[in-house]
Amino acid sequence: MDYLMKASGLVILLFLFYQLFLKNETFFKSIRSYFLIGLILVISLPLLEIPVYLEYVSQQLDISNFEEINVSQITSSSFDWVVILQATYIIGVLFFSLKFIIQLISLAYLIISHKATKKGNHFYIETTKDISPFSFFNYIVYNNNQFTSTELEQIINHEKAHAMQWHSLDTLLAHILVILLWFNPFVWLYKKAVQQNLEFLADSYALQLADNQRFYQLKLLKTFQQNFCTDTTNNFYNSLFKKRINMLNKNRS
């Protein structure tokens with residue numbers, strides 16, 4: 001419990017600092033480093049024990065006046081609540097772990113059940129499934145029939161940014177943090193902020209390669225889809241698209 005409380009406190013501090021000072025800034029690479037270091041610190045720092053040295057004062061106590069204390073009476077009232085909280089936490093961890101594993105298995109099945117074409121360091125997978133384009137490490141999956149050749153080129157540039165910069169690593173670490181601290185609402189907000197910044201990074205890269213910035217923004221708005229892939233991947237379309245457009249038009253910090 002001590003570990004969970006310390007980790008939860010760190011998440012709250014890191015997220016509030018982001019909200020106050022970094023949320024509206026456009027140096028996305030530095031913000032990504034902030035999130036990554038934060039993820040590592042939240043998971044590892046509470047494991048460290050800092051010894052506290054206290055000066056020992058010898059003192060003779062007269063215990064003749066102390067009444068007998070029944071230890072069982074003290075612990076019995078709180079014991080049930082501790083057990084219930086521990087059981088609830090474990091059930092939550094198991095539930096979100098199982099969900100995460102199922103998502104990874106579904107993702108792996110989608111990848112291995114389709115033919116992958118290697119181009120450079122990336123594997124391109126064309127599918128007929130009605131899903132949004134997404135990437136997972138160096139695998140890029142898309143439905144070729146949903147877009148024109150020009151649109152598809154810019155979408156792939158966006159997903160290549162995710163792949164080249166290893167954004168899937170950030171996403172997986174954020175999911176692990178959510179599994180450990182699922183009871184803390186700030187950890188869900190932290191994960192969302194991590195994914196949002198990754199989209200800003202990919203948009204920034206794709207926009208540099210785009211011939212027309214307005215066309216790229218219109219593509220974000222085009223037929224906004226409801227059929228998303230698992231959130232363990234980096235999706236081209238997602239619920240953050242309005243903020244992404246705002247960031248594309250924002251003056252650089």
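**Reading rings and strands in a predicted model**

Modeller: Let's open with a turn: strands β1 and β2 make a hairpin with 2 residues between them, and glycine 120 in that turn has a positive phi of about 70 degrees. Before we go on, note that this is a predicted model, where local features need pLDDT of at least 70, side-chain atom pairs count only at pLDDT 80 or more, and totals for chains, interfaces and linings use all residues. Residues are numbered from 1 along each chain as its sequence is written, and side-chain values use heavy atoms, with hydrogens and water left out.

Biologist: How many helices and strands are there in the chain?

Modeller: Helices (H or I, at least four residues) and strands (E, at least two) are DSSP runs, numbered from the N terminus. Here the chain has 8 helices and 5 strands, in the order α-α-α-β-β-β-β-α-α-α-α-β-α from the N terminus on.

Biologist: Which way do β1 and β2 run, parallel or antiparallel?

Modeller: Two strands pair if DSSP finds at least two bridges between them. Strands β1 (residues 116-119) and β2 (residues 122-126) run antiparallel and are joined by 4 bridges; alanine 116 stands opposite isoleucine 125 in β2. On to β4: 4 bridges join β2 to β4, and these two run parallel. There, phenylalanine 123 has tyrosine 139 in β4 as its bridge partner.

Biologist: What lies over the face of tyrosine 124?

Modeller: A charge sits over a ring if NZ of Lys or CZ of Arg is within 6 Å of the ring centre and within 35 degrees of the ring normal. In this model lysine 119 lies over the face of tyrosine 124, at 5.3 Å from the ring centre.

Biologist: How many aromatic pairs does a search of the whole structure find?

Modeller: A pair of aromatic rings is described by the distance of the centres and the angle of the planes. Rings of Phe, Tyr and Trp (its six-membered ring) pair if their centres lie within 6.5 Å; planes under 30 degrees apart count as stacked, over 60 as edge-to-face and the rest as tilted. The search of the whole structure gives 16 aromatic pairs. One of them is tilted: phenylalanine 28 with phenylalanine 200, 5.3 Å centre to centre and 45 degrees between the planes. Phenylalanine 28 is in helix α2 (residues 28-44) and phenylalanine 200 in helix α6 (residues 185-209), so the pair ties together parts 172 residues apart in sequence.

Biologist: Is phenylalanine 28 buried or exposed?

Modeller: Buried means under 20% relative accessible area, exposed over 50%, partly exposed in between (1.4 Å probe, protein chains only). Phenylalanine 28 counts as buried because its relative accessibility is 5%, and phenylalanine 200, also at 5%, counts as buried. Another pair, phenylalanine 137 with tryptophan 166, is edge-to-face because the planes are at 80 degrees, with the ring centres 5.7 Å apart. Phenylalanine 137 is in the loop between β3 (134-136) and β4 (139-142), and tryptophan 166 in the loop between α4 (149-164) and α5 (167-180), 29 residues apart. At 23% relative accessibility phenylalanine 137 counts as partly exposed, whereas tryptophan 166, at 51%, counts as exposed.

Biologist: Which residues does tryptophan 166 touch, not counting residues up to four places away in sequence?

Modeller: Contact means heavy atoms within 4.5 Å. With that exclusion, tryptophan 166 touches Arg32 and Phe137.

Biologist: Which residues do ring pairs link into a cluster?

Modeller: Ring pairs link Phe15, Phe17, Tyr18, Phe21, Tyr34, Phe35, Phe186 and Tyr190 into a cluster.
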